[in-house]
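Please keep the sequence and the structure at hand while reading.

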Amino acid sequence: MRANRVMKTLVRTTLMAASAAALISSLQGCVLALGAAAGGGALMATDRRTVGAQAADREIQVKAYSQIANQLGDTSHVDVTVFNRRVLLTGEVPSDAAKQQAEQIARGVGDVEAIVNELKVGPITDFSDRANDSYLVTRVKTMLVAEKGISANDFKVVGENGNIYLMGLVTQQEGDVGAGVAANVPGVKSVVKVFQYVQPEQAQAVKQTAQQAAEAPSSAQTADSQATVGAVPMGGGVTEQPLDSRTPAPVSNSTQVHPGSKAQVQ
């Protein structure tokens, strides 16, 4: 009987710990501090959006994606990415009418600041194309992590048919550096900047808040506490040719920014 009581107590304790961990991970603020399991270090994941904007982005994305998929059906391939209430539409549609329909659906969701309609009229990409896009996104993120002077956490990377779209709240300099990094990744056809720009002092204020919230790093900090994005798969774009000897992909600002439901384009 005592053994059974001990076992039940252990089970309850485990469930309570798991629930607490799930609750903590679901609470996203401007700064999320994850303490390292060993060494006393901490991994800081900063987010320059407000808590309200983060919640709104998730809601807008779920609603817009499901409604577009239901109304346009299998004849279209539309991805919806939302950052700071700005909706980016990428993918392929059969006609200009379908392209405009997707934009109207996204606008109708509400609480949308702007819509960046980068949908292309043409045949839908196949599995290999989308697998390559996933690889390129991973490669770009990995290179952003390695780049000094910027934080990969400030960039949202979207890949579509070899084209890379960059979103985020960044300074002009950060945006230029990030776009340059993406442009030099082998296999990238073009880089389109969909940024919203902030002043350097605003970015510095967020950085200082993150530093104050973090624990002091220890000399025993392990590799597990370092920011990682994902392993780079071998083949299909991996080359021995130095990256700096390649011609960078063209970089441009998106010209497809349209008013959202709030009729504001930033």
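In which loop is the place of Asp111? Asp111 sits in the loop between H3 and S5, where helices (H or I, at least four residues) and strands (E, at least two) are DSSP runs, numbered from the N terminus.

The model is a predicted one, in which local features need pLDDT of at least 70 and side-chain atom pairs count only at pLDDT 80 or more, while totals for chains, interfaces and linings use all residues. Residues are numbered from 1 along each chain as its sequence is written, and side-chain values use heavy atoms, with hydrogens and water left out.

## Overall makeup

The secondary structure of the protein chain comes to 6 helices and 13 strands. Of its 266 residues, 36% are buried; buried stands for under 20% relative accessible area, exposed for over 50%, and partly exposed for what lies in between (1.4 Å probe, protein chains only). Among contacts (heavy atoms within 4.5 Å) in the protein chain with a separation of 6 or more, 73% are between residues 24 or more positions apart.

## Positive phi values

Most residues other than glycine have a negative phi. Asp111 has a positive phi of about 65 degrees although it is not a glycine, and at 30% relative accessibility Asp111 counts as partly exposed. Arg85, also not a glycine, has a positive phi of about 65 degrees; Arg85 lies in the loop between S3 and S4 and is buried, with a relative accessible area of 19%. Two glycines that follow helices have positive phi as well: Gly73 after H2, near 70 degrees, and Gly110 after H3, near 95 degrees.

The table sets out the two helices, with an expected span of 1.5 Å times one less than the number of residues.

| Helix | Residues | Length | Span, first to last C-alpha | Expected span |
|---|---|---|---|---|
| H2 | 51-72 | 22 residues | 32 Å | 32 Å |
| H3 | 96-108 | 13 residues | 18 Å | 18 Å |

In H2, the buried residues are Ala53, Gln54, Ala56, Asp57, Ile60, Ala64, Ile68 and Leu72. They cover an arc of only 155 degrees around the axis, which puts them on the same side of H2; the arc is that of the directions from the helix axis to the C-beta atoms. Val62 and Asn70, on the other side of H2, are exposed. The cover over the buried residues of H2 includes strand S3 (77-83), strand S4 (86-93) and helix H3.

In H3, Ala98, Lys99, Ala102, Glu103, Ile105, Ala106 and Arg107 are buried, and the buried residues of this helix pack against H2, S4, strand S5 (114-117) and strand S13 (257-259).

## The four-stranded sheet

An open sheet of 4 strands runs in the order S7-S8-S10-S12, with mixed pairing; two strands pair if DSSP finds at least two bridges between them. Strand S7 (156-160) and S12 stand at the edges, each with a single partner strand, so one side of each is left without a neighbour in the sheet. Neighbouring strands are turned by 25 degrees against each other on average, direction ignored.

Strands S8 (residues 163-167) and S10 pair in the parallel sense over 4 bridges, and Tyr165 has Val192 as its bridge partner in S10. S10 is also joined to S12 (residues 251-253), in parallel, by 3 bridges, with Val192 opposite Ser252 and Lys193 opposite Asn253. From S10 (residues 190-193), Ser190 and Val192 point one way and Val191 and Lys193 the other, and all are buried.

H4 lies across S7 and S8, running at about 150 degrees to S7, while H5 packs on the sheet, touching S8, S10 and S12, and its direction makes about 160 degrees with that of S10. Axes here are lines fitted to C-alpha atoms, for helices over the stretch in contact, and angles run from 0 to 180 degrees between N-to-C directions.

## Nonpolar cores

A nonpolar core is a set of buried Ala, Val, Leu, Ile, Met, Phe, Trp, Tyr and Cys residues joined through side-chain atoms within 4.5 Å. In the largest one, which has 20 residues, Val140, Leu144, Val157, Ile164, Leu166, Val188 and Val191 touch the most other members. Helix H4 (127-146), S8 and helix H5 (172-183) each supply at least two residues of this core, and H4 gives the most, with 5 residues. Apart from this core lies another, of 18 residues, among them Leu89, Val93, Val112 and Ile115.
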